[in-house]
Amino acid sequence: MSHQQTISSEKITSDLLPQKFGKPGMIWTAFLVVLCLIGLFAYYRQLRYGLSVTGMRDYASWGIYISNFVFFVAISLVGSLITAIFRLTNVGWRTPLTRIAEIIAVSAILFASIIIIVDMGRPDRFWHLFLYSRLQSPIMWDVIVITTYLVLSVLFLYFPLLSDLPILIQNSKPGSRIQRLYKFVGSFWKGTAGQVALSGKAIQIISVMIIPIALAIHTVTSWLFATTYRPGWDSTNFGAYFVSGAFLVGAGGVLVAMYVFRRAYKLEAYITEKHFDNMGKIVVMLAFLYLYFNINEYLVPAFKMKKAEEHHLVSLLTGDFSVLFWSAIFFGMILPVIVLLIPKGRKPLPAFVMGILVVIGAWFKRFLIVTPTMLSPFLPMYDTPESYKTYWPTWEEWSITIASLAGALLIVTIFVRLFPIIPIHETIEENEQIKPEQV
Amino acid sequence: MNRFAYLIGTIALLFSMLSPSAQAQDKKATISMDLTYHQQNDDLPVLRVYASSKVERRFLPAEGVEIALFFEEETAQGFMGRVETNVRGMASLRLPAKYKNSWDSLTNFKFIATVTDNEGFEDESVEIDIAKARIALTLEEEDSVRMIYAKLSALEDSSWTDVPETEIKFIVRRLLSDLSGGEEELYTTDESGEASSQFDLTIPGDVNGNIIIGAKIDDNELYGNLVATKIVKWGVPVVKDNSFAKRSLWATRDKTPLWLLIFPNLIIAGVWGMIFYLIYLIYRISKLGKADKSI
């Protein structure tokens, strides 16, 4: 922030305006598009031949699609953490991170909705969810709360964007398609006192609203599991366990995005080492919190080791899933805590690496929440083929899952191409208001 | 040369006739049969036959085997009928009505089961000798104490005589099998052929509380399987579960519990009301922008 004071408004504008893709940007975008196309082909095969092309059978009827869904829902929670909580608590250094967090939230929650449809055997009947909805079903609660969070997140992205639109219109080629897009999105924004007041009011309302909705979205997702009677899911802690994990992966995701945007768009003057330092500390706190809930979820049942839950716990702690389980715990939580506790570990590069570990660890953690439980029913099925008792995703499942992750990244990439990833107007205002003694 | 060819041919023929494969093709499997006698109350008895054969050192049910059943003698006159075993190797036949008079008058009788001219099995025959017996069942309730009495008697010289020292069970008929209805699993008849037990079970009956209580002897060498049953209102009347027709968490959507309709819908309406208000704010912002010509 210390650099910002000396930066003129023109410099800020030119620094933060969206830039055309360079060669790496083109390669990156093309790579994501190819992954999406492969995923689309795999989904065509799934539509053509049914869910039998997946590795899901009678035992593991929820596989990596559901793991991926939970991951997307989790990472989407970051929007409320960075934008709403930091805004309401007047965290001064939040500005460069808010839009990053919000676009991650929007793209993640959008693909959470898509991937859940992919998991359906008959996606053509998706509308039945609304037409024949039963409020008794936790699945319906999830549909309602995800839809609400998606709309609210889009609004939370949109309102702060309004004040940047005149700058974008002014700095884009007259009559170009991109300028027409900006005008369509918000040519009416003139920055009048009335508009600013209404926009401020709207942002304030959303900041308050989105926190309970965000907590609800992941709590309800956890209830999809906790309301069923299965080993590992039959827990009253599940809501808090899921929410704490979601905050961690979201914060890890922001660390990664901060580093990438900082390097790609040379934003060192705006996303400073102080931001990494602060976010690193937040990740440590959230990792401790998530570790606490993990101990609750696994150590207490393991101490009792009830016969019916033994298969599930043993498969995680010492059995087939143990390598994955302990890797997710160590690399996804313990190692980031150790590294980020050291001041040098909170420098951009190590913080970025730890962020990647947190995100990857979180993805596999969701897999470990879903699959081992499915393979450890309280009442084993009779006379099923041996192959039903194990689960390994097919190439179609991997392709679709990877495509969904690529799709979410593609949305972020395209957004960054069209809109400033750091709010220009807000940064200029802060730069003008900043006092020397606050530096 | 011709003599040599003839000799080789003869040896080959002999070998083929004596070889194990040739023997196996002609050899039929042996069949094992178990014939049992079942009689309930005053009904005509039922003959049950179970057929099995040894396959790879294990006895497996023999399915689709035709078995002829005879009463008293293996003649056309005694031929009761022919049955075919099911997938579990079992078949049964009720004593035809034409033998009722004979069965009523006899104190001892014989049943014969035979397998003859079967393509897969060698001929086999089993028979059982049964002495005619009956169980008289009495159910009494006095001062809320429910008692089951059973008296076993056998027909000897045209008169019914008590049968002592015979094992007997008290049962309650349930859907899939019999539940023990006595205080003990097994009782033994006394000198007068009687056994009794208190009935203490509290179990569901039909809508009127009816349950079927019985006394039976199983696989008795002399008398076969005998059962006497009575219907009595000693069960707990079952109230039909019509919770699916009421508002509940497991009912159809038109029967959602009211609290689940009211509170979540209030929350949904509140949140979406605010979302629509936010969208309305966009409209107001746009109106303000269009009205402002200064910029």
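**Entry 1. Chain B, overall**

I looked up burial first: of the 295 residues of chain B, 22% count as buried. Buried here means 20 or more other C-beta atoms within 10 Å of the residue's own, exposed means 12 or fewer, and partly exposed lies in between, with C-beta atoms placed from the backbone. I note that this is a predicted model, in which local features need pLDDT of at least 70 and side-chain atom pairs count only at pLDDT 80 or more, while totals for chains, interfaces and linings use all residues. Residues are numbered from 1 along each chain as its sequence is written, and chains are lettered from A and ligands numbered from 1 in the order in which they are written.

I then checked the confidence values. The model has an ipTM of 0.90 and a pTM of 0.73. The pLDDT (the predictor's confidence in each residue, from 0 to 100) averages 88 for chain B, and 90% of the residues score at least 70. Residues 18-25 of chain B have a pLDDT below 50, and this stretch makes two contacts in the model beyond near neighbours in sequence.

For secondary structure I find four helices and 17 strands in chain B. These are DSSP runs numbered from the N terminus, helices (H or I) of at least four residues and strands (E) of at least two. Of the chain B contacts between residues at least 6 apart in sequence, 53% join residues at least 24 apart.

**Entry 2. Domains of chain B**

I looked up the domain assignment, which gives chain B domain 1 (29-131) and domain 2 (133-232); such bounds come from an automatic or database assignment. Taken over C-alpha atoms, the centres of domain 1 and domain 2 of chain B are 27 Å apart. Nine residues of domain 1 and 12 residues of domain 2 of chain B take part in the contact. On the domain 1 side, strand E1 (31-40) and strand E8 (124-131) of chain B each supply at least two residues. E1(B) gives the largest share of that side, five residues. By class, the domain 1 side has three nonpolar, six polar and no charged residues. Nonpolar covers Ala, Val, Leu, Ile, Met, Phe, Trp, Tyr, Cys and Pro, charged covers Asp, Glu, Lys and Arg, and polar covers the others, Gly among them.

**Entry 3. Chain B against chain A**

I counted the interface next. In it, 20 residues of chain B are in contact with 23 residues of chain A. The chain B side has 13 nonpolar, three polar and four charged residues.

**Entry 4. Nonpolar cores**

I use core for a set of buried Ala, Val, Leu, Ile, Met, Phe, Trp, Tyr and Cys residues joined through C-beta atoms within 7 Å. The largest has 129 residues, and Ile104(A), Ala251(A), Val254(A) and Val283(A) touch the most other members. Not counting residues up to four places away in sequence, Ile104(A) touches several residues, including Ile75(A), Val78(A), Gly253(A), Val254(A) and Val412(A). Apart from this core lies another of 42 residues, among them Leu47(B), Ala113(B), Ile130(B) and Ile168(B).

I also looked up Ile100(A), which sits in helix H5 (residues 95-118) of chain A. Ile100(A) counts as buried because it has 25 C-beta neighbours inside 10 Å. Leaving aside neighbours within four places in sequence, Ile100(A) is in contact with Val254(A), Ala257(A), Met258(A), Phe261(A) and Ile421(A).

Phe321(A) is in the loop between helix H13 (307-317) and helix H14 (322-341) of chain A. Phe321(A) counts as buried because 20 C-beta neighbours lie inside 10 Å. Its contacts, neighbours within four places in sequence aside, are Ser315(A), Leu316(A), Leu368(A) and Pro372(A).

I checked strand E2 (residues 46-55) and strand E3 (residues 58-61) of chain B, which run antiparallel and are joined by four bridges; pairing needs at least two DSSP bridges. Lys54(B) stands opposite Phe59(B) in E3(B). E2(B) and E3(B) form a hairpin with two residues between them, and Glu56(B) in the turn has a positive phi of about 50°.

Asn41(B), in the loop between E1 and E2 of chain B, has a positive phi near 50° and is not a glycine. Asn41(B) is partly exposed, with 13 other C-beta atoms within 10 Å. Glu165(B), in the loop between strand E11 (159-162) and strand E12 (167-173) of chain B, has a positive phi of about 55°. Glu165(B) is exposed, with 9 other C-beta atoms within 10 Å.

Conventions
Two residues are in contact if their C-beta atoms, placed from the backbone, lie within 7 Å.
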